[in-house]
Amino acid sequence: MSENDNKNKKEELDYSKKYRETFKPSSRTGNGINKNESTYQTKASKDVVESRYVEKEKLDKNNKKLKKKRKRNKNIVLRIIGALIKLAFIAIILAILGISGLFVGLWLSINNGAGSLSKELFEINNFTTTVYDINGEQYTSLSGKENRTYATYSEITRYLPEAFISIEDERFYQHKGVDIKRTAGATFKFILSKFGIGSSDFGGSTITQQVIKKVTGEDDKSSLRKAKEIIRAFQLEKWLSKEEIIELYMNLIYLGEGAYGVEAASYTYFAKSASDLTIAQSALIAGLAQAPEGYNPYKYPEKAKQRQELVLGKMYELGKINKAQYDEAMAEELVYTKGSQSLASSNSYFIDAVVEEVIKDLMEEKNINRAMAQTMVYNNGFKIYTTLDPKIQDVLEKTYLNHQYFQTRKGYDENLQSAMVIIDYKEGNVVGLIGGAGEKTTLRGLNRATGMTRSIGSNMKPLGVYGPGLELGKLTPATTFDDVPTTYRIGGYPWRIKNYDGRYRGLINIRKAIEISDNIVAAKAMQEVVGTEYSFQFLEKLGISSLTNNDKLSPAALSLGGMNKGISPLEVAAAYGTIANKGVYVEPKLYTKIEDRNGQIFYKKQSKVRDVMSEENAFLLTDMMRTVTTGSEGTGRAAALKNIDVAAKTGTTSDDKDRWFSAFTPYYVGAVWYGYDTPAYINVATNPGTKVWKDVMQEIHKDLPAAKFERPEGIVSRAVCRDSGLLATDACRADDRGDRTITEIFNSKNGSIPTKSCTLHEFVEVCPDTFLLPTDNCRAQVHMIQKSRINRHYSEGQPSVKPYDYAYEVPTTYCEFHVAKQEEEIKKEIEQINNTNENKNDVINEEETVKKIDAPYNGWRTPSPYTPDPVVTVLTTPVPVIENTPPPGSGPSGIPWWER
């Protein structure tokens, strides 16, 4: 056998082996193999074996694909089953939570009366509320007839409740507080939301449930809250009839444009009562319930109309109106007009403020909404005991009816407005309040005493700067600052500070700065001593609630009163009352307690009390503010009272759009604002607030004993220099203006008493004729003298505006008067010699003359290297010196040295 034959034989056996391993006996069919075959074809040809092997590979591949497909299908089924199991598990958990919530809600209801609610809270009794003054005497009454925002079911057109029911709760008359169908749908919707399908909003609330939410103000999305609401709804349906529930709903619901309740909304949109609404108008108002702002007809008339037509369609579908009524309502043109309600009585601004405060307190204390609190005030027969002093209130009201207090340079201005608040600061009792000039014609309209905030100008200085500075122990009444035009850079922008009157006095202390209402000193004290952060915190302690973040960062706002929103007269009065009350803030209140109609305490008013300043620092500030009415330049001298101490501060905004006067006595504090409702320039010669404060306070103090502010034991007196605030020296006493020593008071408990002597004043040698630095020529002709001068050590040039005391600064230039005198004498002498000398050789020539004239100079005419520096940022536009007074003996030339 040849070699090739052996090779072929071997390949054939290999293929045969491979075939036998691949195709084993099998009972399966359809694979190309006979199931009865028991032996292998060992001698098959190479082509046959190879062909069958390829077929087997294809078959295996198909089988593998089939297995993968079956496995994939199996996984899908498993995932579906897993999802269903998970869904069932979540449903069970939710059910458990829901049932738990229901049980919790039920438990709360049983233990707290429908979850801390009571039947009385929902009852509208139509009992008159009585208001008493501070003496316990009846002052006025409040009733539902005056509060025309509440309309009873019988007073409302019958189509309005049907419109609300049709669109908000169509099965209202069938369910017992909870619509099971809607609740089930809402629950299913909630479950789907857990899988990312739809919203998680519970929804499904009935009108009864909405009343619960309106009364309680609770509207979170928790299952516990929902469970409590359901239990409360069932309970409410037992307490009230369907008509009472829908009546409450229509009076509590917010319907846009600031209107709570259908009566207010009827006047807001159609200038008529809810009793006079047409079907079309009723449907419009009912349609607002879902989204008052989104369907606001003044802003979105098309959307409002579409919503109205939807409501009309529902009313027709439910049989609330017939076809003819539906067609007529659809065709009716909606004309929107804002109207005002007629009022039985406007009462006083004080009573308006009391009602607002009671409403606010009831909302917080009873956890109810504003509309419900308002309804309770006017209908529950409360007895409200106020802090109103009828004598003081009467004085205020008569004063504000008098036209003489509202005069401008052009005469009486009916648009000029004002507000005033008077507080017994020891108790925090507001004893008198008025919120506008002239006759009051509106019930609970704009009350400028409590509901208006305006910039307070210089009224801010004691509150935002001097009070905090004293409390920090870094300011005293004797602390001085240089009153010259100043510029600071705040946030990269220049803050240029100037005084209101354009006058700059130089070195003045805090007491004088308060007396004349100096802006420069207040700004410097803020920037260099107090800081905005501490000032902001101090103002918050004083009860100022209208500060903004921008105010917090603004030294101008916190020192000079240019605030974003401003402050109300009530809060200004309370802040000044803190100073008067020895540094203790007592939150102002307008009433002390509320009793129910059975005489039981329903609510007791408690004022918040906190220490803001020490008694000593409060007295220092009080005593400095007293100079506003007693000082020779006091801005509030016109407000001084006979035998009664008055501490005061005026306030004027930079644009003359607001005028303030705030002051206190040992008995009361009062704050007055003047201006226009739309800010505008006030064309007056003097601050009108000063006069009205004086006349009102003089009247209410006329029967009170003479009184002065009580000085605490920790206050001590020291003799100090008026210009430096340090202990006075001989140089201070030798000042040309007279002895600069003053006696000032200090707080002995905070280490602020000065212990160092004045270094500002110093004796300097000057020429007696000019008071300038002397030359050798001066010394050769006259005897030099010592003068006391102030030395501020300016380091960067002269200030742009030289203050009044600049004449008493250490001189920086040399005398030229005596040099000029010597030259003139020499020239006359030479002329006389030459005219009388017959020998021409004896005539003095020009060169010799110059030498003779130059001899006395001894080189002193070389410019002095001394250059004065200012202590402030120099402004680019200099302002001329005003009313400088030259020192005595300013020289024969008559020209003051500072003008040369």
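This is a predicted model: local features need pLDDT of at least 70, side-chain atom pairs count only at pLDDT 80 or more; totals for chains, interfaces and linings use all residues.
Q: Which residue of E3 is the bridge partner of Val-131?
A: Val-131 belongs to strand E1 (residues 129-132), where Val-131 and Thr-129 point one way while Thr-130 and Tyr-132 point the other way, and all are buried. Across the pairing with E3, the bridge partner of Val-131 is Ile-384.

Q: Which residue of the hairpin of E1 and E2 takes a positive phi, and near what value?
A: E1 also pairs with strand E2 (residues 138-142), here in the antiparallel sense and over 4 bridges, and Thr-129 has Leu-142 as its bridge partner in E2. Between the two strands of this hairpin lie 5 residues, and the one that takes a positive phi is Gly-136, near 85°.

Q: Is helix H23 largely enclosed by the rest of the structure or largely open?
A: Helix H23 (residues 615-630) has 16 residues and reaches 22 Å from its first C-alpha to its last, close to the 22 Å expected at 1.5 Å a residue. Because 13 of the 16 residues of H23 are buried, the helix is largely enclosed.

Q: What is the phi of Lys-582, which is not a glycine?
A: Most residues other than glycine have a negative phi. Lys-582 is found in the loop between helix H22 (569-580) and strand E12 (584-586), and with a relative accessibility of 40% it counts as partly exposed. Although Lys-582 is not a glycine, its phi is positive, at about 60°.

Terms used:
Residues are numbered from 1 along each chain as its sequence is written. Side-chain values use heavy atoms; hydrogens and water are left out. Buried means under 20% relative accessible area, exposed over 50%, partly exposed in between (1.4 Å probe, protein chains only). The expected span of a helix is 1.5 Å times one less than its number of residues. Two strands pair if DSSP finds at least two bridges between them.
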